[in-house]
Amino acid sequence: MKKTLITGLTGLMLFTQAQDFRKIPDKITSIYGGFFLRGAPGAVGELTENYLKPMQQAGFNTCELKLHRVGDTGKPEVAGQLEDLVKAVNDHGMVFMAYLYPDTHRGNGNRDPKLHAALPAMVNEKGETLPEKFSMAHWEVWETIFDSAFKLAEFSKKLPIAAVKLDIETLSCLASYDDAS
């Protein structure tokens, strides 16, 4: 009985000390960088050697990466690389958070009237249509230009991704912030 109790308590102690990698720490010590999801062999290993190991040694608890090419996660090698990336971050004692650009950022970020014909264009305060700007007041615009965020949210159901952040600095070329518009 005594051995069972000690084993049970030891297991409970280890369980309660395990980090929940889906929870954002109260005090964040982090790095912010970029990572291209290309399925390239060795990319996660390079990140681990150059950043994750030194970060772990320095006591960092969070790794925030701006992910590029999330839309390619339908390819098994890219999805596998995302899984390896999150696991490597967690294996080094850190929570993983992702930043994403709008999917239209791959070009100049503007609305292409032909490519995005189904998405509403912005109309300014004078009633003029601005064909190169998105109307950010419409859900389908957000759903389309941040499609990668929805894909990453699906991955977060099986991977410990603590946060998906939208990089809105790039929205400045997508829409006007003029209150009158």
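How many helices and strands make up the secondary structure of the protein chain? Colour by secondary structure: there are five helices and six strands (DSSP runs, numbered from the N terminus; helices are H or I with at least four residues, strands E with at least two). From the N terminus the order is α-β-α-β-α-β-β-β-α-α-β.

Before going on, note that this is a predicted model, in which local features need pLDDT of at least 70, side-chain atom pairs count only at pLDDT 80 or more, and totals for chains, interfaces and linings use all residues. Residues are numbered from 1 along each chain as its sequence is written, and side-chain values use heavy atoms, with hydrogens and water left out.

**Whole chain**

Select all 181 residues; 38% of them count as buried (under 20% relative accessible area; exposed is over 50%, partly exposed in between, with a 1.4 Å probe and protein chains only).

**The largest pocket**

Select Gly34, Phe35, Ala43, Leu47 and Tyr51. Of the 17 lining residues, these are the closest to the centre of the largest pocket. Its volume is about 260 Å³. A pocket here is an open set of points on a 1 Å grid over the protein atoms alone, where a 1.4 Å probe fits, with protein on both sides within 12 Å along at least five of seven lines; lining residues have an atom within 4 Å of a point. The volume is the space filled by probe spheres set on the points.

Now show β1 (30-36), α2 (43-58) and β2 (62-68): each supplies at least two lining residues. The largest share, seven residues, comes from α2.

**Salt bridges**

The structure holds six (a side-chain nitrogen of Lys or Arg within 4 Å of a carboxyl oxygen of Asp or Glu).

Go to Lys158 and Glu83, joined at 3.6 Å, N to O. Lys158 sits in the loop between α5 (147-155) and β6 (161-166) and Glu83 in helix α3 (residues 76-91), so this pair ties together parts 75 residues apart in sequence. Lys158 is exposed at 54% relative accessibility; Glu83 is partly exposed at 32%.

Next, pick Lys151 and Asp147, paired at 3.0 Å, N to O. Both lie in helix α5, four residues apart, about one turn of the helix.

Finish at Glu154 and Lys157, whose side chains meet at 3.1 Å, N to O. Glu154 is partly exposed at 47%, and Lys157 is exposed at 63%.
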